[in-house]
Amino acid sequence: MDRFAFLLKRPVQLIPVIIGISLITFILIQMTPGDPVRIMLGPKASQDAVDFIRARYGLDQPILVQYFYFVLNALRGDFGQSIIYRSPVGRVILDRIEPTLYLILYGLALSVAFTLALATAAARSRGRWLDQVVRLVCVGSVGIPSYFVGLMLILGFCLKFKLFPVSGYSPNFFDNLYHLFLPALTIAISVTPILTRNLRATFIQQMDADYATAGRSKGLSEGYIFSRHVFWNSLLPTVNLMGVVVSFLIGGTVVIENVFNIPGMGQALIRGVLTRDYFVVQAMTLVLAFGIVITNFIVDVVTVLLDPRVKL
Amino acid sequence: ADAKILRMGYGSDVLTLDPIKTVYGSDIMIQGLMFARLLQANADRSEVGPGLAEKWDISDDGLVYTFYLRDAKFADGSPITAEDVAFSYTRMRFQKDSAYAAPFQPLKEAKAKDAKTVVMTLDRKFTPFLTLTEIWNTGIVPKAAVEKMGDDAFAKAPVTSGPFKFVDWKPGDRVVLAKNEHYYRQGLPHLDGIEFRYVPDDNTRISMLQAGELDVNIGVPIARLAELKAAGFRADPETSSVTYELLINHSKAPFDNLKFRQAVSHGIDRKAICDTVTLGTGTPANSIFSPALNYFDKSLPVIQRDVAKAKALLAESGVSDASFELMVAAGTSDDEKTAVLIQAQLAEVGITANVAKVDPTSVWTRLIDGDYQSQINWWYNETRDPDNALRWCAWGAGDNKSYYTRYNNDEVNKLIEEGAGEVEGDKRGAIYAKIQQITVDEVAQVALYYPAWLNAYSPKVKDLILNIGLQFSEIDQTDLV
Amino acid sequence: MTDKAGATETNGGEELVKVENLAIDFATQYGSVTALKGVSFSLNRGEALGIVGESGSGKTVACRALLKLIAGNATVRSGRILVEGTDVLGMSEAELLRFRGETAAMIFQNPSTHLDPIMPVWRQVGEGMVLHQGLSWSQAKLKAVELLRDMQITDPARRAGAYPHELSGGMRQRVMIAAALACEPDILIADEPTTALDVTVQAQILALLRRIRRERQLSLILVSHDLGVIAEMCDRVVVMKDGAVMETGPVEQILTSPRNDYTKRLIASQPSLMKPAVRKTDVTAKPALRLAVEGLKVEFRSAQSLTGWVMRRPAHVVTAVDGVSFTLPRGGSLGIVGESGSGKSTIARSLIGLAAPQAGRILVDGKPIERLLRERPPAEQRKMQMVFQDPFLSLNPAMTVAATLAEPLRQHRLCSDREIPERLADLMAKVELPKNLLERRTTQLSGGQRQRVGIARALALEPEILIADEVTSALDVTIQAQILGLFERLRREMGLTLILISHDLAVVRYLCEQVAVMRQGKLVEYGATEQVLSHPREDYTKALLAAIPLLSRRSDAAE
Amino acid sequence: MSATIAGPSQNRLARLWASLPTTLVVGVALTLIWVFLALAAPLLTEYDPIKVDVLNILQPPGEAHWLGSDALGRDIFSRLLHGARADLMMAFFGVVGPIILGTIIGLLGGYFGGRIDSVLMRIFEITVSFPYFVLVIAIVAVLGSGLRSYFISLTLVNWVTYARLVRSEALVLRNADFVLAARSMGFSHVRTMLFHVLPNAMIPSAVFVMTDAVLTIVLGSSLGFLGLGVQPPTPEWGAMIAEGANYLTTAWWIAFFPGLAICILALGLSLIADGLARLLNTGP
Ligand SMILES: Nc1ncnc2c1ncn2[C@@H]1O[C@H](COP(=O)(O)OP(=O)(O)OP(=O)(O)O)[C@@H](O)[C@H]1O
Ligand SMILES: Nc1ncnc2c1ncn2[C@@H]1O[C@H](COP(=O)(O)OP(=O)(O)OP(=O)(O)O)[C@@H](O)[C@H]1O
Ligand SMILES: [Mg+2]
Ligand SMILES: [Mg+2]
């Protein structure tokens, strides 16, 4: 179908972006003062040992030569070695993708559920107290750092009522619905206000739209108009906003991963950057970029599915 | 009964399981759980006793050490032979990427004389050698396994010789260990296994301890110690060998000026800093090294703050621009507090300290490159013998230039060598007292206070402490009830 | 109260709807706005009632009130709306759901916004049947297709699955009518059902409404500002102004012998009734040729993406204007008519240099001018000005009227800063706007006011050639008449050369000597107005003509 | 127009006042209160915000210290008021850079379209897909810690939001009749862009910037571990919260009051955003 032609176009557009990202990351991180080998061997190591290891990782070469080898190896599926962990980058990342992905998706699922409930409730009772409460809560909660949300949830749910574990990620899918509930809730608490504000406003705007009036003139009930017309017409802006939010969450979950002690990508990236673990940062950046690209892609597909007018 | 698994949480990540490739706290603690050493320190580390070596001889000239091994096995069931010991020491001392070969410079050679006898030859008289044979990087590794697996693979799944054997390692998450059935001390350990978990957030670690998800919380923020104690956790300060200090760069103005250094030293209220930052769990510093070390000179007075004197010294120094940058590694709240206190105290003397938070890796780069004026830092010593400590912090001839301070005093350097070669306790004491006096007079570094290790243990954990060398040396006798 | 009066106006037939003394206020940020001040009228069974009146007179509010579709910020201050004896305003929510759609239904002014953009049209037609008549969705679909066929939509089975944006404006309006008729209501309220449409489509829709009314015995309320439409469709008419009824009566009577002053003015302002402006001046003396267009061709390429550029993919091309030529003398006037999308605005744009023609020349005073605006010297840029089609889009919403008008004066240094207030006052007077509007932001003006600001802005540069793109469509007939008068005056007095784009032949006939009929980018007919209009060759021109004389025919007859 | 306007509409000021959304008024008031407190801080408290007092650490709220004292014995109330200066600055400068850069890029891309837009969009995509921290660290490492680095890194990363908003508006506006009208009168591209496209394209950004300002403060505190934000001992709310993290259970007041302060400022700014949205979108 014509409208889905962008499905083919996207990968082509992706190439310059990926090259740009990888080159910039590579140069940036390598130009940043600080030596991963020093960090790996620790402050007590001799200069000899440091030089030896640097040579082993090829870090004594000029940057562009290193980049060239990086690309060459990456094309063969080898992203190099984590200097700090002394293991293949692929493994370091693979171990961590799953928890982060689970966490983000779970958090989003909760956010979506909350957002739909709150925005619908607020819009349907527009101007009345419920609406005002929802609005005020959404406005006021923007400034609460998620670190505190997490900590408070732990103090309440884990220590006082002992309902949930403080930490933990288990390889079992269903266990994690329980284990990762609080971290997902923390994400939801920080994301929901933003989405709800947006969706509520769109709902209200769309409830006043001409086609809604036309629906009323046909004798359709408010509930029907809302669920069949207004609702679907309002989703697009929020879906797009959600795309932005997801891009932000990818790689931005470090605080939540720390508070709930989840071994995820966010932690690893920060750590990689702080220790100048070049190849980890490099590969992780690409993985995250890829995640963001996929997110945008999904948003595009949803957009096209939701709105027959859109052509990308 | 349930398997007795001890769950420990620590704020730094395990980076490698190979004893010779690390100097980090997390790795060091793990090594103690996994590898047995020739000798074994007692709980407070005041003495070394038999470990894998049942007994040992020292030649009269003090250059040849002979160790006699007991019957022992690696976790895979293969016997621990003299060959393995020689291999482990040679590797640690001579392999290029050994992270901490420095203290073993005098070791010339380690050789298996027969299956149970190892002979080590030194190139000079070196009294601290015996105590060094119990630190983490002398853990005995199986030659066959290392050679077969290669260093990298071994570092990820080592074959151990200590109380626990390796089961699993998820980098950035946890190391899982299980009881080593072949451990040389019969009937030990009591535990069935250990989970050593990486929990970076201080508050989360405490919450996990409180929720029963951890049994040991290594590194408790001082602010929460009392609370944990009140809640029934064992949370007493434990003796450490740490010195907190203001690192100063002797090769840069204004710290190249002795009077200025003294002005700073006298302008600082060590007790106030110690009390405020450690909430009474530490002691103000009087010497360059910690009271946990042998030959620590108790008689040296803690320098009392004397603003008038500091001002006079500052005037004498002739330093016109009495200001400097005070670097703090970002994200370390105790360091930051210390820095702010120093800043406030020196302000009254007329010295301006500009606090700058810097990301930790950059801090190290700048220290090593000598591109700094001052920094809040701390260090610990693995053994009670001060030789190692002094070579780290005051030996200008060393690789690290007196802990990157560029302090280099020929007399001190000479005294350090002398102390290492001296066998007799009293004489060593005199040498070390002299060194401590000189370094305080010359303000080699501004030692501030000596903090304790602050850990919290669930009441179920019996008989476990962290010793000054960052080892849970009693781990094989620890039990969960 | 008004019972008596209402009764006298009813001439035969059972009274189906009776609006009594309806007054409605709106709460706004500025305070309350009175939209209706005690309106009364009635509708008999089977009758067609027309409501006319200037923009903002309360026509829409009154119609919506009939279905109790009252905006959230509205208050009914007084009045009743009796439909078969029941007061609509007193109905409960449940009663309303039955009432709307089953008893009365409405079609709206703008079909594009009144259809749900993301729902296939058959569902929108059918949902009323599902909800009211308990049909299943599949049954509803069948009936919806039937209804669409009834509305003369070709290939209804296929169109039923289409989304509104895939349909033309006329089709959308038909879909809306189908949706309104779905539950077979007794009363159909049509609020300006054709204003947004092309004249030819308008004629079709009106014919359709007439037919449905006949076949289904519908009572109709038709709102329009076009007396022609009303005259053709309705039995009786209500004239509204400022939220009040001015006059009510049978169509013939109102059109031929209006009693109310406003009604008189309204009728006099209908362009179709206006005599062509006098323009005998230039018949003999051959004036200098002012503007000549030769073989103008404009193509649009779809914006090319970077990847498309890299991969040398050809862009998609639309030929909007294809080989158009015409000439205009000084002080002459040309009317361009044609269906929507035929390229009228594009000609205008390429004349002022906003769209670069692919081929052809534009000569001013015999000299070819640069294709692109920015290549022309400022004096030349100033010479030719354009008034844009849509008054809601053509003024910068962030500016005040004063800033809008002063900007061109300053940029072209037409006068010193001191003279500006004077010039602004002068311009405002020209377009008959009160001076106190100068400080308002353009968003705070009505459509008609905006359009006049747009005209004033173009006049500010004292152009010699003025291109007016559908300038009158947003205007009230009365104001429209004033503006047309202004153009005529400028032409006569200052020798302004005028190009008037419109779909209203009546307007063109009034103002223009020449007319050009466009179709799909080509000039299909071009010549002197009277000649083209009296002997149209093209079907399209004929259809356009058929759309004007409705009212004149009646009034001619009356005369 | 037929409608009559009722109410006290004579006085223009009164009308303007009446036309302002309540949320805008309340929001501006809340924000101004902070500005006032920040400016008047030295008059409102006699405590020096950076004066350490080791004998009085961790005092709970009471007579001496209204909001308690922190781990170094500094008065929280005083730090809170003085901290408002740093935070208002952070909120302000933290969005100024991004909004300028983002608007320029978005405007150029949206207005000119075509190839310029394509190139700018690729830069946009690269930045969007780029992990924030890599960039921040690199900047901190090159420029050193502190506020300046923070602002620069924010600018280099956050411009995308504004570019996105402005571009999508500009894309529509460049074909808007009033823009064509401006061009048809011979105005230059620069003038058209600045006076006709920009004011209208800025509306969504103007609304978003209020939320962004709050996020800037919060982000500043959570990036403290990189050495970003103000340097000690300067008081700043985010840093105060971070300092209080370890004392939550023992000295809650250290983190609680600055947290509350951020929430109130956030509320003010959000209300302004809400009001602006109403004012600008619907127009009177
Ligand atoms: N929701 C509303 N809020 C405030 N004022 C309103 C609202 N709806 C209508 N009005 C006002 O009520 C008056 C009558 O409006 P109405 O829409 O009925 O005019 P109309 O006769 O249909 O005009 P047109 O021919 O332009 O459609 C106008 O002044 C209008 O501004
Ligand atoms: N910028 C553009 N890019 C691509 N196609 C365009 C562009 N502008 C106009 N067109 C196309 O050119 C054709 C002529 O458009 P134009 O606006 O001139 O029509 P019009 O006669 O003014 O119609 P209307 O009566 O609706 O105003 C249409 O098919 C339109 O889609
Ligand atoms: Mg209307
Ligand atoms: Mg047009």
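In chain A, residues 177-196 form a span that is 95% helix and 0% strand, with its end C-alpha atoms 24 Å apart; helices (H or I, at least four residues) and strands (E, at least two) are DSSP runs, numbered from the N terminus. This is a predicted model, in which local features need pLDDT of at least 70 and side-chain atom pairs count only at pLDDT 80 or more, while totals for chains, interfaces and linings use all residues. Residues are numbered from 1 along each chain as its sequence is written, chains are lettered from A and ligands numbered from 1 in the order in which they are written, and side-chain values use heavy atoms, with hydrogens and water left out.

An unreviewed UniProt entry lists residues 177-196 of chain A under "transmembrane region", along with 12-31, 101-121, 133-157, 235-260 and 280-306; such annotations may be inferred rather than shown by experiment. Of these, the span 133-157 of chain A is 80% helix and 0% strand, and its end C-alpha atoms lie 24 Å apart.

## The site around ligand 1

Because residues from chains C and D surround ligand 1, the site is shared between chains. The shell holds 17 residues, of which S55(C), G56(C), K59(C), T60(C) and V61(C) come nearest, a residue being counted if one of its heavy atoms lies within 4 Å of the ligand. Five residues of this shell are nonpolar, nine are polar and three are charged, where Ala, Val, Leu, Ile, Met, Phe, Trp, Tyr, Cys and Pro count as nonpolar, Asp, Glu, Lys and Arg as charged, and the others, Gly among them, as polar.

Oxygen atoms of ligand 1 lie 2.5 Å from a polar side-chain atom of T60(C), 3.0 Å from a backbone N or O atom of G58(C) and 2.8 Å from a backbone N or O atom of V61(C). The elements giving two or more residues to the shell are β1 (15-28) and α2 (59-66) of chain C, and α2(C) supplies the largest share, three residues.

## How the chains meet

Five pairs of chains touch, and the most contacts are between chains A and B, contact meaning heavy atoms within 4.5 Å. This contact takes 41 residues from chain A and 42 residues from chain B. Together the two chains bury about 3700 Å², 53% of it on carbon and sulfur atoms; buried area is the accessible area (1.4 Å probe) that two parts lose on being put together, summed over both. On the chain B side, L15(B), K96(B) and T361(B) lose the most area to chain A, together 15% of what that side buries.

Chain B and chain C, by contrast, are joined by no contact, and their closest C-alpha atoms lie 40 Å apart.

Notes:
A polar contact is a pair of N or O atoms within 3.5 Å; within protein, one must be able to donate a hydrogen and the other to accept it, and residues adjacent in sequence count only if both atoms are side-chain atoms.
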